[in-house]
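Take a walk through this model, one element at a time.

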Amino acid sequence: MRGLRPLGLVALLLFAAAAFTPLANRLNVWMAGVARLEPADAIVVLGRGGADTDGVLANRSLRRVLHGIGLYRHALAPWLVLSGSAEEIQARTTLAQGLGVPAAAILSAGPAHTTREEADQLRRLLLPRGSRRILLVADPIDIPRARAAMERVGFDVLPAPTAATGPSQPEARLGLLRDIVIELAGLTYYRLTGTP
Amino acid sequence: MRSLTLVIIVCLTSLAAYLAGTRFAGLRRTHVREAAIEALDYLGLAVAFLLCNLAVGIALILGLRTLTGRFVSVYLVNDAALAILSLLQAFIFHRWRGRSS
């Protein structure tokens, strides 16, 4: 039980730094890297958070698809590719069409549970069409692992992270730091198991 | 500014509790430091419980994936409720330890 006190102190300091300083925001920006919003063969919007049973997209999923639609409207690519769970893809497709993206320009990747599965689905969908250069839409913290997964299957990736500065409220900052820790753990797991 | 507001609120209520404790409840000023150190022990215990809960949760999920071949998301353990339950575990364990010693 001797190590509990230092552990408690570390936890307290980490909490204070995470909630009351821009630590999480800085990490968020750092993980996003530099966005490269250039013409590509396709805009790929990765899944995140899915949709509720009534078809309402989760916050992050919604932010991603809106960013992807914005890129499409700037004519950066001829295809808007929607990925994620089956419900998420359906809800995103409905939203994209409602916001003016032609149905013919929307491609749906097969349902996937993990980024690795998404990469495999996207490879099967896009590479036979000659779409190798992709604008990758994901949250800033997800960009490193997602980018590595896409490059592993043969894509040339242009990162297009959603807003990178992150929240300013203490509770939201704590949530962001938790997500960053999880993402870094995922990245480590992918590397330990021999894939990006 | 919002962050600072929260800190100010907590400082004010802490000061009020300190004054009320020392003037009306007969608490000793010299014990504040010991109480803070004990809180660190308690917090450390909560972190230890949280890490154990996460480890067990992830192991169970990975085991289920392996045994059943079905996908179970690791995000299942990504829930603030787990942190609160860990605090509760630590509180009970801390009290139990205190009563037993």
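In what order do the strands of the open sheet in chain A lie? The model is predicted, and in it 5 strands line up as β3-β2-β1-β4-β5. Their pairing is parallel. β3 (106–108) and β5 (156–159) of chain A stand at the edges. Each has a single partner strand, so one side of each is left without a neighbour in the sheet. From one strand to the next, the twist averages 30°.

Now look at β1(A), which covers residues 42–45. On one flank, β1(A) pairs with β4(A), residues 133–137, in the parallel sense over 4 bridges. Ala42(A) has Ile134(A) in β4(A) as its bridge partner. β1(A) also pairs in the parallel sense with β2(A), residues 80–82, over 3 bridges. There, Ile43(A) is bridged to Leu80(A). Val45(A) is bridged to Leu82(A), again in β2(A).

Which way do the residues of β1(A) point? Ala42(A) and Val44(A) point one way, while Ile43(A) and Val45(A) point the other way. All of these are buried.

How does the chain get from β1(A) to β2(A)? The strands pair in the parallel sense over 3 bridges. The path crosses through helix α3(A), residues 59–73, and this β-α-β crossover is right-handed. α3(A) lies across β1, β2 and β4 of chain A. Relative to β1(A), α3(A) runs at about 170°.

Next comes helix α6(A), residues 143–152. This helix is mostly covered, with 7 of its 10 residues buried. The buried residues are Ile143(A), Pro144(A), Arg145(A), Ala146(A), Arg147(A), Ala149(A) and Met150(A).

Turn to the contact between the chains. Chain A gives 14 residues and chain B gives 16 residues. On the chain A side, α1 (4–20) and α7 (170–192) each supply at least two residues. The largest share, 9 residues, comes from α1(A). By class, the chain A side that touches chain B divides into 9 nonpolar, 4 polar and 1 charged.

Which helix of chain B does α1(A) pack with, and at what angle? Two packed helices are described by the angle between their axes and the distance between the axes. α1(A) packs with α2(B), residues 31–68, at an angle of about 85°, and their axes are 7 Å apart. Angles of 65 to 115 degrees count as roughly perpendicular, so α1(A) is roughly perpendicular to α2(B).

Which residues meet there? From α1(A) come Leu4(A), Arg5(A), Leu7(A), Gly8(A), Leu9(A), Ala11(A) and Leu12(A). In α2(B) they meet Ile37(B), Leu40(B), Asp41(B), Tyr42(B), Leu43(B), Gly44(B), Leu45(B), Val47(B) and Ala48(B).

Technical notes
Residues are numbered from 1 along each chain as its sequence is written. Chains are lettered from A and ligands numbered from 1 in the order in which they are written. This is a predicted model: local features need pLDDT of at least 70, side-chain atom pairs count only at pLDDT 80 or more; totals for chains, interfaces and linings use all residues. A residue is buried if 20 or more other C-beta atoms lie within 10 Å of its own, exposed if 12 or fewer, and partly exposed in between; C-beta atoms are placed from the backbone. Two strands pair if DSSP finds at least two bridges between them. A crossover is right-handed if, with the strands pointing away from the viewer, the path from the first strand over the helix to the second runs clockwise. Two residues are in contact if their C-beta atoms, placed from the backbone, lie within 7 Å. Ala, Val, Leu, Ile, Met, Phe, Trp, Tyr, Cys and Pro count as nonpolar, Asp, Glu, Lys and Arg as charged, and the others, Gly among them, as polar. Axes are lines fitted to C-alpha atoms, for helices over the stretch in contact, and angles run from 0 to 180 degrees between N-to-C directions. Angles under 35 degrees count as roughly parallel, over 145 as roughly antiparallel, 65 to 115 as roughly perpendicular and the rest as oblique.
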